[in-house]
Amino acid sequence: MDLGEKYFKNILSSLLLILFIGYFSGITMFPHTHVINGVTITHSHPYTGSPDNPDHTHTSVELNAINLILTFVAVIAVVLGFKSILSEGVHIKCIASDTGISSVIQRTVTLRGPPYTA
């Protein structure tokens, strides 16, 4: 791995960590509910007021934008998570012992194909 690739991975991992921290704090610290046309919509973002009575409203365009952003972030997180798992070999072993069955996740890097037998 050359220096540029290592630098890029460090920057990307730092940005993903910042994105995760921002997303996690946003969804845990500012949840609130709106009732619009009899439909209850619960979401989170920084706002003024209390959770029971947020001091703001949203247009339908804003609600659609919130939905698209949250969907985009969730899809990207899932795709990157699967990519990191599938980029290296992952083996899950089940081990039986006196206390029960436990599973062990073991990562291996395989740089060649499996052996060929005729």
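Reader: Is glutamate 5 buried, partly exposed or exposed?

Author: This is a predicted model, so read each value as computed from it. Glutamate 5 counts as partly exposed, at 37% relative accessibility. The partly exposed class sits between the buried and exposed cut-offs, under 20% and over 50%.

Reader: Which residue does glutamate 5 meet in a salt bridge?

Author: Start with the general idea. Side chains of opposite charge can pair when their charged atoms come close. Here the side chain of glutamate 5 meets that of lysine 9, at 4.0 Å from N to O. Lysine 9 is partly exposed too, with a relative accessible area of 44%.

Reader: How far apart are lysine 9 and glutamate 5 in helix 1?

Author: They are 4 residues apart, about one turn of the helix.

Reader: How many salt bridges does a search of the whole structure find?

Author: The search finds 1.

Reader: Let me step back. How many helices and strands does the chain have?

Author: There are 2 helices and 4 strands. Read from the N terminus, the order is α-β-β-α-β-β.

Reader: What percentage of the 118 residues is buried?

Author: Buried residues account for 10%. The chain exposes about 10000 Å², and carbon and sulfur atoms supply 67% of that area.

Reader: Among contacts between residues at least 6 apart in sequence, what percentage joins residues at least 24 apart?

Author: The figure is 9%. Isoleucine 27 and serine 44 are 17 residues apart along the chain, and their C-alpha atoms are separated by 5.3 Å. Isoleucine 27 belongs to helix 1. Its relative accessibility is 34%, so isoleucine 27 counts as partly exposed.

Reader: Now the surface. Which residues form the nonpolar patch?

Author: The patch consists of Phe8, Leu12, Leu16, Leu19, Phe72, Ile76 and Leu80. Together they have about 620 Å² of accessible area. Helix 1 and helix 2, residues 60–86, are the elements that give two or more residues to the patch.

Reader: Which helix gives the most to the nonpolar patch?

Author: Helix 1 does, with 4 residues.

Reader: On to rings. How many aromatic pairs are there?

Author: The count comes to 1. Phenylalanine 20 and phenylalanine 24 form this pair, with 5.9 Å centre to centre and 20° between the planes. The planes must be under 30 degrees apart to count as stacked, so this pair is stacked.

Reader: Where do the two phenylalanines sit relative to each other in helix 1?

Author: Phenylalanine 20 and phenylalanine 24 are 4 residues apart in helix 1, residues 3–29, so about one helical turn separates them. Phenylalanine 24 is partly exposed, at 44% relative accessible area.

Reader: Last topic: histidines. Is histidine 32 buried or exposed?

Author: Histidine 32 is buried, with a relative accessible area of 2%. Histidine 32 is part of strand 1, residues 31–36.

Reader: Which backbone oxygen lies 3.1 Å from a polar atom of the histidine 32 side chain?

Author: The oxygen belongs to phenylalanine 30.

Reader: And where does histidine 58 lie?

Author: Histidine 58 lies in the loop between strand 2, residues 39–44, and helix 2. Its relative accessible area is 15%, so histidine 58 is buried as well.

Reader: Which residues is histidine 58 in contact with, leaving aside neighbours within four places in sequence?

Author: With those neighbours set aside, the contacts of histidine 58 are His32, His34, Ile36, His43, His45, Leu63 and Ile66. Histidine 32, discussed above, is on that list.

Note on methods
Residues numbered from 1 in each chain as written. Predicted model: local features only at pLDDT ≥ 70, side-chain atom pairs only at ≥ 80, totals over all residues. Heavy atoms only, no water. Buried < 20%, exposed > 50% of the residue type's maximum accessible area, 1.4 Å probe, protein only. Contact = heavy atoms within 4.5 Å. Areas by Shrake-Rupley, 256 points an atom, 1.4 Å probe, with all protein chains shown as cover. Polar contact = N/O pair within 3.5 Å; in protein donor to acceptor, adjacent residues only side chain to side chain. Phe/Tyr/Trp six-rings, centres within 6.5 Å; stacked < 30°, edge-to-face > 60°. Patch = residues over 30% accessible without salt bridge, like charges linked within 9 Å, V, L, I, M, F, W, Y side chains within 5 Å.
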